Amino acid sequence: MRLYTASSEETLRARKLLTDWAADGILTKAQYERLEQGTISELRTTNIFLRLVLFLFTLISVGGAVALFFVVSRPSEQTSGGLFLIFAALCYAAAELVVSQARLYRYGIEEALAVCSVGFLCAGMQTLFFNGSFSSKPNAAEFLVPAAGAIFSLWVWRRFGLWYTFLAAMVFAIFLPGYWTSSHLAQHVTIAVFYAAGLICVAAARPHHHFDHLADAYSLVEAFLWLGIYLAINLQLSSLNLRTQWLGIGATTASEFARPFYWATWVLIWCLPPLVLARGIRQKDRFVIAVGAIVTILTFVSNKPYLGWPQHTWDPMLLGVLLTGVALFIRRWLARGPSGVRYGFTAARLSGKEKYWMNAGSAVLGLVSPQSITPTRPTSSPDFRFGGGTSGGGGAGGEF
Amino acid sequence: MNILARLEHWKKEGAISPEQHAFLASLSRGEPFSLSFELNVLLYAGVLAFVAGLGWTVTTWSQQIGDVLVLTVLSTLLAACSWYCFSRAPAWSPAETPGPSPVFDYVLYLGTLVWCVELAYLENRFHVLSGQWDLYLLATAGLFFFLAYRFDNRFVLSLALSSLAGWFGLTISHWPSHQDAAYRQYALFYCLLVGVGGVLLQRRGLKPHFFGTYLNIVANVLFWALLSGVFNRQGYGLWFLALLIACGASLAWGLTRRQFAFVAYAAVYGYVGVSSMFLRGVFDDTVVLSYFVLTGVAMLVVLVQIARRFGRPA
């Protein structure tokens with residue numbers, strides 16, 4: 001099913017690890033050069049910047065070509081739908097072709113073609129079968145559009161290994177229950193069940209991929225699914241009826257739910273974070289641990305709205321103290337273990353790559369932090385003008 | 001053959017020593033598993049949440065709790081952070097210096113962000129330099145530059161550069177609505193100052209690893225400024241020429257130094273600028289779309305050639 005052979009991907013992975021180990025000084029230059037010769041892959045890959053730019057220009061070219069075709073030929077709506085489906089097939093065939101012939105791997109071009117094929121498929125189905133417009137009372141059969149989008153995105157994920165198409169499939173799945181039931185409760189439950197079913201499948205598949213090239217891919221997908229389940233059951237955070245909201249018909253509010261369901265979800269948002277964290281720690285899975293931490297923070301943030309308690313301005317301070325305290329405690333606890341290791345975990349940095357990402361991240365965050373922490377100008381009191389923070393580092397500007 | 005099997009094979013071949021094999025195999029199995037990155041992110045989020053809450057509380061409750069208490073709390077926090085940083089910092093060195101402890105950087109972040117909150121509070125309550133807010137920004141930029149170089153911290157360097165940009169009247173959030181000539185000139189002067197400053201500091205060997213931060217910020221501000229000139233209705237010729245020169249320089253720098261972010265800047269900013277020139281006054285959909293198809297394909301061909309020749313993952 002996968003477009004790339006396992007040996008090709010393993011070779012690429014080994015090559016990447018060799019580069020990291022050589023950069024960290026674990027391998028000598030001579031060793032690196034010798035071992036590198038044994039990790040030559042027929043797959044053609046590139047760096048992240050060129051990958052992004054190639055993706056962008058492929059989108060421009062394909063989008064421009066399709067739009068030009070429609071402008072020149074001016075087809076009817078029914079014909080347009082058929083043409084979109086043809087373009088979807090052409091894009092997908094082109095994506096397969098550039099991989100099989102040019103052996104492109106995460107090169108931007110094949111990715112953009114695959115993404116375009118998903119988009120054109122949905123546009124084609126919507127135009128061909130449902131006259132191309134969304135109405136406030138959708139046709140029940142319209143669920144076929146997001147269903148096809150989800151299935152095709154999953155296929156692209158399996159075939160090309162593009163993580164974001166799995167995310168796209170999860171997003172498509174959000175729209176499905178809206179066509180089947182108007183009950184928001186049922187919609188939340190359906191989506192959570194979808195994601196839970198996906199999670200069971202992924203959890204069943206993962207043990208076969210320990211330490212191989214698919215381990216990270218499955219780890220990421222599992223993390224997405226945990227996050228999806230959490231967002232589906234946290235009624236204070238999830239806005240599942242996105243389609244309705246976009247059309248301005250009205251949003252779902254927590255008070256619309258039956259009280260037993262509402263309080264059951266409150267219990268679940270407290271149960272899920274420890275479960276996710278425990279799973280991540282047990283599996284030593286970085287992405288699942290990260291999602292565990294995120295959903296824990298989200299639970300703290302949404303607890304007061306859930307209970308209907310008033311929020312205080314100092315709540316973020318308490319959260320900050322808690323996060324810092326937990327981080328410091330874990331760091332010290334791990335550092336005091338034998339050789340700085342406890343239960344197979346360490347707080348020490350083992351890879352130079354982490355330092356690179358921290359440096360890059362801190363430089364970017366330094367530019368955006370003042371905007372995010374500076375309080376906004378209160379509108380109720382015109383005399384008191386503390387606020388603003390639109391001008392960078394000093395967190396201040398003319399609005400102050 | 002997964003990486004563990006491959007390591008075993010390399011050991012048998014004698015390409016790596018048994019010690020290297022043991023170390024790399026345990027690293028590949030995640031034994032031990034490093035939580036360093038996660039703990040750093042948690043610390044950063046904690047500091048940011050704390051200062052956000054502090055700013056929100058001060059804004060909301062300052063009139064009830066009084067200026068004296070607010071300033072005392074903020075000043076105490078600032079003094080504590082400063083004391084911690086100056087008492088724990090290692091001797092200054094012009095080279096890259098690791099922090100003395102894992103939490104050192106976060107105490108420094110806390111101090112710098114509290115400084116921002118306190119300064120804003122002081123000015124808004126007491127109007128000490130009323131109407132001269134730019135001087136605060138300049139002083140803040142100066143202080144942050146000093147702290148960045150003293151404690152070798154990229155985050156504070158970014159704060160300094162954005163404060164300096166603020167002093168020049170340059171704010172990212174204001175870009176879309178202020179594309180006038182004066183604004184552009186300030187942006188260019190900012191680029192000149194920061195760029196020349198960065199080069200001089202690097203040549204003198206003062207924290208040369210900061211140079212990448214300078215260069216990325218200068219490149220982006222410069223390209224935005226030049227693009228805004230190209231979008232002018234009149235007198236855009238020189239700006240267009242300057243954009244082409246900047247793109248050429250960025251491309252050459254990116255390819256020779258293998259810093260492909262600059263290749264991406266040249267491709268994207270250059271394409272936007274050239275497209276705006278070619279499509280100026282063109283309203284025929286067919287022509288516009290044909291342009292995008294042809295130029296998109298042309299860009300792909302050029303970029304694929306670049307990627308083949310230079311763009312292997314580092």
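View 1. Of the contacts in chain A that join residues at least 6 apart in sequence, 58% are between residues at least 24 apart. The model shown here and in the views that follow is predicted. Chain A holds 15 helices and two strands, and buried residues account for 39% of its 400 residues.

**View 2. The two domains of chain A.** The domain assignment divides chain A into domain 1, residues 44–175, and domain 2, residues 179–311. Between the C-alpha centres of domain 1 of chain A and domain 2 of chain A there is a distance of 27 Å.

**View 3. Helix 4 of chain A and its surroundings.** Helix 4 of chain A runs over residues 77–102, and because a helix of 26 residues should span 38 Å at 1.5 Å a residue, the 36 Å between its end C-alpha atoms agrees with that expectation. The buried residues of this helix are Gly81(A), Leu83(A), Phe84(A), Phe87(A), Ala88(A), Cys91(A), Tyr92(A), Ala95(A) and Val99(A), and the elements that cover them include helix 3 (48–73) and helix 5 (109–130) of chain A.

View 4. Helix 14 of chain A, made of the 21 residues 315–335, reaches 30 Å from its first C-alpha to its last, close to the 30 Å expected at 1.5 Å a residue. Within helix 14 of chain A, the buried residues are Pro316(A), Gly320(A), Leu323(A), Thr324(A), Ala327(A), Arg331(A) and Leu334(A). Seen down the axis of helix 14 of chain A, these buried residues fall within an arc of 110°, so they line one face of the helix. On the face turned away from that buried side, helix 14 of chain A carries the exposed residues Gly325(A), Phe329(A), Arg332(A) and Trp333(A). The packing partners of the buried residues of helix 14 of chain A come from both chains, being strand 1 (341–342) and strand 2 (345–346) of chain A together with helix 3 (36–65) of chain B.

**View 5. The contact between chain A and chain B.** Chain A contributes 86 residues to this contact, and chain B contributes 96 residues. On the side of chain B that touches chain A, helix 3 of chain B gives the most, with 23 residues. Sorted by class, that side of chain B has 61 nonpolar, 27 polar and eight charged residues. Opposite Phe345(A) stands Phe33(B), which belongs to strand 1 of chain B.

**View 6. The two domains of chain B.** Chain B is divided into domain 1, residues 37–167, and domain 2, residues 173–314, and their centres, taken over C-alpha atoms, are separated by 32 Å. Where domain 1 of chain B and domain 2 of chain B are in contact, 10 residues of domain 1 are involved, together with nine residues of domain 2. Helix 7 of chain B (residues 154–167) gives the most to the side of domain 1 that touches domain 2, with six residues. By class, this side of domain 1 of chain B has six nonpolar, one polar and three charged residues.

Conventions:
Residues are numbered from 1 along each chain as its sequence is written. Chains are lettered from A and ligands numbered from 1 in the order in which they are written. This is a predicted model: local features need pLDDT of at least 70, side-chain atom pairs count only at pLDDT 80 or more; totals for chains, interfaces and linings use all residues. Helices (H or I, at least four residues) and strands (E, at least two) are DSSP runs, numbered from the N terminus. A residue is buried if 20 or more other C-beta atoms lie within 10 Å of its own, exposed if 12 or fewer, and partly exposed in between; C-beta atoms are placed from the backbone. Two residues are in contact if their C-beta atoms, placed from the backbone, lie within 7 Å. The expected span of a helix is 1.5 Å times one less than its number of residues. The arc is that of the directions from the helix axis to the C-beta atoms. Ala, Val, Leu, Ile, Met, Phe, Trp, Tyr, Cys and Pro count as nonpolar, Asp, Glu, Lys and Arg as charged, and the others, Gly among them, as polar. Two strands pair if DSSP finds at least two bridges between them. Domain bounds come from an automatic or database domain assignment.
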